[in-house]
Amino acid sequence: MTQSYHIVGLTGSLRKASLNKTLLKNAAVFLPENYTYTYAELGDLPLYNQDLEEDLPESVKQFAELCSSADGFLISTPEYNGLITGVLKNALDWVSRKNIGAPLATKPVAVMGATPGPSGTARAQTNLRQLIFALDMDPVNRPELKLAQAHMKFDDDGRLTDFAILQVLQQLMDKFIHKIERSKE
C-alpha cells in the first residue's frame, strides 16, 4: 500500500490574482498522485495577541489543525519592503505557540517567491529562512526559486511559461518530495 502525504501551501498575499498563489499551484502540479495539496487562506486570522491564546479564535484553531495534518509545507512569499508580509508572519506566529502544539516544527518546507520586480523576492526569502530556523522547520536549501518579473512568466491560464524556472521548480519539488518521504521512514 502506498503511503499518502498532505502538503499545505502558504503565501502572504491576499490578492485574488496573487502571483505567489499562482506559483504554488504550479508547484503542486509536480506532486505525485499519493500527495494531496491544500492551500491555506490566511486572511481570516486575527492579528496575533497572546491574550487570545486562552480561548483561541475558531480561524486559528482551524489553521492549526490544517498545519498539524500536513506532512510538509510549500511557502511562496511576496516581498513587501524587503521582507515577508505581515499576513504570513502573523500566521506563522500563531502556529509557533507551544499551547497550539507548534505544528510546523521539524516538518519539511520548500520556499519560493514571485514578484513583478527584478529581485525575485531574494530579501524576503532570506527573512523567511530566518523565521523557518526559529520555527525549527526542515527547509530544502537548494535550489532557490526567486521568480522575478513574474507577471510576464505565466500564461492566461496561470501556467508557468519560463522553461528555466520550470526546471528549477521541478528540482525544488523533487528535493522537497524526497525530504518528506525520508522524514517518514
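Figure 1. Seven of the seven residues of strand E1 are buried, so E1 is largely enclosed by the rest of the structure; buried here means under 20% relative accessible area, exposed means over 50%, and partly exposed lies in between, for a 1.4 Å probe and protein chains only. Helices (H or I, at least four residues) and strands (E, at least two) are DSSP runs that are numbered from the N terminus. The model is predicted, so that local features need pLDDT of at least 70 and side-chain atom pairs count only at pLDDT 80 or more, whereas totals for chains, interfaces and linings use all residues. Residues are numbered from 1 along each chain as its sequence is written, and side-chain values use heavy atoms, with hydrogens and water left out. From E1, the residues Tyr5, Ile7, Gly9 and Thr11 point one way, while His6, Val8 and Leu10 point the other way, and all are buried.

Figure 2. Two strands are taken to pair if DSSP finds at least two bridges between them. Strand E1 (residues 5-11) is joined to E3 by five bridges, and these strands run parallel. Within this pairing, Ile7 has Gly72 of E3 as its bridge partner, and Thr11 has Ser76 of E3. E1 also pairs in the parallel sense with strand E2 (residues 35-39), over five bridges, and here His6 stands opposite Thr36 in E2.

**Figure 3. Strand E3 and its pairing with E4.** In strand E3 (residues 72-76), five of the five residues are buried, so E3 is largely enclosed by the rest of the structure. Gly72, Leu74 and Ser76 point one way from E3, whereas Phe73 and Ile75 point the other way, and all are buried. The pairing of E3 with strand E4 (residues 108-114) is parallel and extends over four bridges, with Val111 in E4 as the bridge partner of Ile75.

Figure 4. Thr22 is found in helix H1 (residues 19-28) and is buried, with a relative accessible area of 19%. When its neighbours within four places in sequence are left aside, Thr22 is in contact with Phe154 and Gly158, contact meaning heavy atoms within 4.5 Å.

**Figure 5. The aromatic pair of Tyr48 and Trp94.** Rings of Phe, Tyr and Trp (its six-membered ring) pair if their centres lie within 6.5 Å, and planes under 30 degrees apart count as stacked, over 60 as edge-to-face and the rest as tilted. By this rule, the count comes to two aromatic pairs. One of them is the edge-to-face pair of Tyr48 and Trp94, with 4.9 Å from centre to centre and 75° between the planes. Because Tyr48 lies in the loop between E2 and helix H2 (58-69) and Trp94 in helix H3, the pair ties together parts that are 46 residues apart in sequence. Tyr48 counts as partly exposed at 27% relative accessibility, whereas Trp94, at 0%, counts as buried.

**Figure 6. The salt bridge between Glu53 and Arg97.** A search of the whole structure finds ten salt bridges, each defined as a side-chain nitrogen of Lys or Arg within 4 Å of a carboxyl oxygen of Asp or Glu. In the salt bridge that Glu53 forms with Arg97, the closest N and O atoms are 2.7 Å apart. Glu53 lies in the loop between E2 and H2 and Arg97 in the loop between H3 and E4, so this pair ties together parts that are 44 residues apart in sequence. Glu53 counts as buried at 12% relative accessibility, and Arg97 as partly exposed at 26%.

**Figure 7. Further salt bridges.** The side chains of Arg123 and Glu79 meet in a salt bridge (3.5 Å, N to O). As Arg123 lies in helix H4 (residues 122-134) and Glu79 in the loop between E3 and H3, the pair ties together parts that are 44 residues apart in sequence. Arg123 is exposed, with a relative accessible area of 53%, whereas Glu79 is buried, with a relative accessible area of 15%. Lys153 and Asp162 also meet through their side chains in a salt bridge (3.6 Å, N to O), and Lys153 counts as buried at 18% relative accessibility. Salt bridges that share partners join Arg142, Glu144 and Lys146 into one network.
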